[in-house]
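Visitor: Please give me a close look at one chain of this model. Keep it brisk.

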Amino acid sequence: MGIAEEAHNVRVIGSGQQTIVLAHGFGTDQSVWKHLVPHLVDDYRVILYDNMGAGTTNPDYFDFQRYTTLEGYACDVLAILDELQVQSCIYVGHSVSAMIGLIASISRPDLFSKILTISASPRYVNEPDYYGGFEETELIELFEAMKSNYKAWCDGFAPLCVGGDMESVAVQEFSRTLFNMRPDIALSVAQTIFYSDVRPLLRHVTVPCHIIQSVKDLAVPVVVSEYLHQNLRGDSIVEVMSTDGHLPQLSSPEVVVPLLLRHIRYNIAA
Amino acid sequence: MESLDHVFVEFRPQPPQLHRYQGETEEDGCYGDDFIHAHSPQLDESLDAYGCGYAHELREQKEVDSSPSSLVVQIGYSCAGARDFDCFSERGMVNEMLCDKLEMKLSTYSISETKSETNEAIDGDAAYSEIGNRSNPAIGLPRAQDLSCEKIVGVLVALPQKEVAHSFIKWRKENYINGKVDLVLPDEINEKSNKTKIEFFFTVGVLALRQLYFDFHLPAWPPPPGPPSATSPDVILSNIIAAVSDVRSRNSAALACRKWCLLERATRAAVSLRGNLRDLFTVPNCFPSVSSLDLSLLSPWGHPLSSASDPALIAHVLRHAFPSLSSLTFYARNLSTIQLVASQWRTAEHVKLVRWHQRPQISPPSTAGPTTFRRLSRQAYPSLALNLTRLDIEGLKSDEIKAITCPNLIEFKAARRFDLSLPLLEELGLDICNNVRDSGAAFEVLNSRCPKLRSLKLGFFHGISMPIESKLDGVALCQGLKSLSIRNVGDLDDMGLIGIVSCCSNLPARQCLKALEPIQDRIKRLHIDCIWDSAQELEDDSDGVGFDLNCLDQDNGFDDDGMSKERKRCKYSYDLNMELDVNSNGYGNNVRTWDKLEYLSLWIAVGQLLTPLVEAGLDHCPNIEEIRIKVEGDCREMSRPREREFGLSMLVNYPKLWKMHLDCGDTIGYAHTAPSGQMDLSLWGRFYLIGIGHLNLTELDYWPPQDRDVNQRSLSLPAAGLLQECFGLRKLFIHGTAHEHFMMFLLRITELRDVQLREDYYPAPENDMSTEMRADSCSRFEAALNRRRISD
């Protein structure tokens, strides 16, 4: 087993002509796909892995320098595909992993036949001409909570401040998963996410994209999916689901799984 | 030997200078250094066989063994004609659980009985290795009925090294309570021969000083005809060691000297292996007599044997290490494990496949009890009827009774049938000042005929509640009652009362406890549903009625036979050694404490606080050692609780509390995406665990709350952070999953030895993908745990 495979708890299951990569978002791990996987293994070769920094990975491997940008994660994805000698794959990315997939596809478009993004956002912070869902002040609150958590953790006290305690509902929604990580890693990751801005890169993405989004997602407003659709260079299609929450594949699998299967099986009509 | 009054046996050729004890006070005791060194080279070898991470409890002994320890063991006993062999062990000074007041009685000395009794005595504590014991078939002590002599008395004393002795004396002074420990010299045996104890001290190093008591009454001389070896000290010692069931005590005994080690190894029949699957090749081979091996608790928990890197090699190593194996227990969820075992252990007689994820028991339909019986009694079995000499029926109408034709019938009982329905009756008093027997069935019918009955007062009725196991009957099934008053009932025993009380699903805790006041100083184990209802105050009853249990209304459906469709499981359990006298008026005394209470079990609805417990009456419980808290409910329907914490801190009122089961496994919530205004499970986890660090817990079993939709029971960040504050914790079982870095928090607990993640619930995680803890993560954590220095 290769280094990247081992470090990311890579699992390859199922068999088929096509390969599907399932990439989870922050605060979760590959188990977030548990409802989807059984529907895929008969027809596809499915690659599952844990993002570096996820609770299931060795925290010692989390390189604080490497993961200050999403490019660090994108390199990981490419390394995994390389080790598994994947020629081409359908990439299903949730939350930040959707952006990671898009970034990876810019340097190696040949590896991605198409990308499905679920609850994805290129930029979380509001700007005069962009609505990402989060105000600067809300982020300050989030970072303060993270810092006090981190400080408590360094001092040997219990980290007690978790996402649900914060005032902003949007921050609550997002931080719920973020606080699932080791406090120092969570702080680093939170900063990486909120300081990242993938918008300038979207016009370099040529791979077809299926943009899938909950109608009510406090971390990602629906307008963001429209923004992606407008700014991606390649073909793209938007489907807004009647689901609620940032993890629809977990909270509403009965809606999400058939929809994902449809997007996996069918390509965007020419 | 036939006229023996007492025997003193020395296990060492040179007894120590025991007289040095004489005349010395405990404070200025001075002991020479000339005691015999009992360091066993063989023991070292055998202990070296343990690989790292293996069998935690054994490793502790290894640590101890590295310090010079010496022990002189002497046994003295005198004989008399007692009939029973009792032994029990108590916790030693290291505040370690040896076993839960293990008591065993070996009334005779046949092998099978010894074994079965011992197995019975083993507490169902799967955490530590369980052992069974086996007597040497060649030996056996005289049977009790062959004896006619006076009591045997013996004292066994271990004399430690100078510093050990000092430590012992200090410990004895500080910790020992009952003064049962006597250091008895050989010269004093005569004087003390009327004592009834033999006392052991396993002194293995200063810190691991442990003690075992054997209260035993050996069968007296002369021995009956039999093998001459039956009465030799070795045989007795072998039997004694075989009777020790607690693993840690056995390990201590094995460290005493070479002979003890040999005897211990020869009598150890069962071993339960812990430690990591990948370290199994280092399994010790010093237990040749083990016939029963339990592999189901290996780490990573819930991984089958076949998931080892080389399963065949592991199986081979195990077979080599345990050549006498006849019984095997292992975890299995797939065919490959069974195939592996089948190929390697062809001689195994008993194989137990463990699948931890038991589907919850579906409660039997409520009509299975009396109704079934009723149906049966209505069946016409002509041949049966011909042979009947006794007939006990209930629920038949008078014309049906007339139809019974049993020519050989001698005894006939028929319960009164309420043919007349009183659907509007709410209050009924029946006190006919005349004894009415077997009235239980009548009250069941009463319940069906008078659905609005709310208040019932009974006098001189017997058999009102005679539950058989969990099948409730009689007045216990009158679920509409709000008030029940019983007087002059002759046969209401503990179980009957438990049956009644267990049906009072909404009985406020305060009133329950009030009702128990007359017997509260006798209760050892208590379960109480924490239903706080301060509005309902118990009215003082001054007319001598012992119990007045107020039940709240419960709108259950009733079937045709008047049985409630819902039957509650029996929730109340009391120690049955206590006596119950409902006719005594127990309300006279003002200050009552729960002096005997050792085990408290609580059920509490989600969102409710623990804090009213003291107010409700459980304020002074000086001897509670173990507590089990079951939190149940759906927090998805609840808003954020007003209080920040559940209230575990209040348990500091119980100074001896050292063991806790905190079961939030049936608390349902959102693991990931809680709607706005609601708390997700991490916050609920925090709510329940705040304050746990204030308790001086040694053992904790924690069931995290769950999200059924995603089948997730994961230790959250705040939960991990709060658990790490339990500084004295030695044993922690989390019945769920946890991320690696959360587990790493736990390394801050310096005393922690034994941690396992157990997904022993239903449904099981479907596959490896759905668990937060990968096997590698688990191994890294265990490695970190085992790397630490262990203080004792």
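Guide: Chain B has 20 helices and 26 strands (DSSP runs numbered from the N terminus: helices are H or I of at least four residues, strands are E of at least two). This is a predicted model, so local features need pLDDT of at least 70 and side-chain atom pairs count only at pLDDT 80 or more, while totals for chains, interfaces and linings use all residues. Residues are numbered from 1 along each chain as its sequence is written, chains are lettered from A and ligands numbered from 1 in the order written, and side-chain values use heavy atoms, without hydrogens or water.

Start with the whole chain. Of the 792 residues in chain B, 55% are buried (buried is under 20% relative accessible area, exposed over 50%, partly exposed in between, with a 1.4 Å probe and protein chains only). Take the contacts in chain B between residues at least 6 apart in sequence: 75% of them join residues at least 24 apart (contact means heavy atoms within 4.5 Å). The chain exposes about 34,300 Å², and carbon and sulfur atoms supply 49% of that area (Shrake-Rupley method, 1.4 Å probe; for residues, only the protein chains shown count as cover).

Now go inside. Glu264(B) sits in helix 7, residues 258–267 of chain B. Its relative accessibility is 0%, so Glu264(B) counts as buried. The side chain of Glu264(B) makes a polar contact with the side chain of Arg265(B), at 2.5 Å (a pair of N or O atoms within 3.5 Å; within protein, one must be able to donate a hydrogen and the other to accept it, and residues adjacent in sequence count only if both atoms are side-chain atoms). Leaving out residues up to four places away in sequence, Glu264(B) touches Ile241(B), Arg250(B), Ala254(B) and Phe287(B).

Ile692(B) belongs to the loop between helix 17 and strand 22 (699–703) of chain B. Beyond neighbours within four places in sequence, Ile692(B) contacts several residues, among them Leu648(B), Met660(B), Leu700(B) and Cys726(B). Leu722(B) is another of these partners. Ile692(B) and Leu722(B) are 30 residues apart along the chain, yet their C-alpha atoms are separated by 7.1 Å.

Next, the surface. Leu335(B), Ile338(B), Val351(B) and Leu353(B) make a nonpolar patch of about 340 Å² (patch residues have over 30% relative accessible area and no salt bridge; like charges are joined within 9 Å, nonpolar side chains of Val, Leu, Ile, Met, Phe, Trp or Tyr within 5 Å). Helix 9 (335–344) and strand 11 (350–354) of chain B each give two or more residues to the patch. Ile338(B) lies in helix 9. With a relative accessible area of 33%, Ile338(B) is partly exposed.

Last, the side facing chain A. Chains B and A bury about 3,200 Å² between them, 55% of it on carbon and sulfur atoms (the accessible area, 1.4 Å probe, that two parts lose on being put together, summed over both). Helix 17 (681–689), helix 18 (717–723), helix 19 (740–745) and helix 20 (775–787) of chain B each give two or more residues to the side that touches chain A. The contact takes 34 residues from chain B and 40 residues from chain A. Four residue pairs are in polar contact between the chains, both residues at pLDDT 80 or more.

Note on methods. A salt bridge is a side-chain nitrogen of Lys or Arg within 4 Å of a carboxyl oxygen of Asp or Glu.
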